[in-house]
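Please keep the sequence and the structure in view while reading.

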Amino acid sequence: SHNLGQGFAKSFEISFLGRNEKPEIPWQNSWGLSTRLIGATIMTHSDDKGLILPPKVAYNKIIIIPIIFGDDKETIKKAKELKEQLKEFNPIIDDRTEYQVGYKFNEWEMKGIPLRIEIGPRDLKENKVIIVRRDNGKKEAKTINSQLIHEIIKILNEMHEDLYQKAESFLKSSIIEVNNFNDFIKAIEKRKLVLANFCGEEACEDLIKDETGGASSRCIPFNNEKESSKCVHCGKPSKFKIYFAKSY
């Protein structure tokens with residue numbers, strides 16, 4: 001979101017009738033989603049193995065890897081049938097013979113496909129597949145039948161919710177509320193998001209930025225209540241509580 005000021009309104013001669021029944025020039029802001037959300041998604045959910053995509057974001061939700069020994073045409077055939085059965089998840093099948101199974105596992109983990117389906121000769125005999133979640137590595141054996149789609153939907157929904165809860169928990173654990181500037185500095189040094197009373201003056205924020213090596217205001221919470229306390233930095237009356245943090 002951006003504060004556009006009154007510049008655009010003046011340029012395009014935008015005005016409205018104020019409460020005083022006189023023309024007023026509006027202050028405008030813009031709200032939008034940009035490619036930086038891709039970066040935020042990667043940083044929020046991924047791990048040292050590579051990308052983790054929330055299932056509702058991932059276009060290809062499944063990678064099917066047949067475990068082949070020799071000239072095993074039946075397993076490959078079944079894998080292709082699975083791909084057709086699960087087409088609503090835009091699955092990919094990796095039946096390349098020039099790479100080992102472990103290499104394939106690592107490659108698709110790095111690329112962040114939410115679910116991996118493994119099927120080998122033994123699974124084929126039992127009419128089952130092994131489903132592996134990308135986020136936590138949990139494995140489940142599932143029967144190949146008409147209920148498989150519903151089982152996969154359930155697993156994907158659970159994964160999506162788990163990723164959300166994990167991210168929300170991390171966010172909450174990263175927020176520290178402080179009442180004095182010494183604690184403010186310590187929290188910033190720990191790379192935390194700091195909630196503190198603030199006077200709202202630009203000069204005070206400039207000093208905070210200088211004294212903390214770059215911490216600046218991020219946003220004023222929507223549910224902000226009037227504060228009777230003093231500014232965490234200058235001691236003047238506080239106008240609101242505000243989040244501060246450094247950009248990295």
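In this predicted model, Leu195 stands opposite Tyr243 in β13. The pairing behind this position joins strand β11 (residues 193-198) to strand β13 (residues 240-245), which run in the antiparallel sense and share five bridges. In general, the strands of a sheet pair through backbone hydrogen bonds, in either a parallel or an antiparallel manner.

**The sheet**

- Strands β11 and β13 belong to an open sheet of four strands, ordered β10-β11-β13-β12, and the pairing in this sheet is mixed.
- The edge strands are β10 (175-177) and β12 (216-219), each of which pairs on one side only.
- On average, neighbouring strands of this sheet are turned by 45° against each other, with direction ignored.

**Helices on the sheet**

- Helix α7 (residues 181-189) lies across β10, β11 and β13, and runs at about 155° to β11.
- Helix α8 (residues 202-212) also packs on the sheet, where it touches β11, β12 and β13.
- The direction of α8 makes about 145° with that of β11.

- Helix α4 spans residues 101-111, and its residues Lys104, Phe105, Glu107, Trp108 and Glu109 are buried.
- After α4 comes Gly112, which has a positive phi, near 80°.

Key. Residues are numbered from 1 along each chain as its sequence is written. This is a predicted model: local features need pLDDT of at least 70, side-chain atom pairs count only at pLDDT 80 or more; totals for chains, interfaces and linings use all residues. Side-chain values use heavy atoms; hydrogens and water are left out. Two strands pair if DSSP finds at least two bridges between them. Helices (H or I, at least four residues) and strands (E, at least two) are DSSP runs, numbered from the N terminus. Axes are lines fitted to C-alpha atoms, for helices over the stretch in contact, and angles run from 0 to 180 degrees between N-to-C directions. Contact means heavy atoms within 4.5 Å. Buried means under 20% relative accessible area, exposed over 50%, partly exposed in between (1.4 Å probe, protein chains only).
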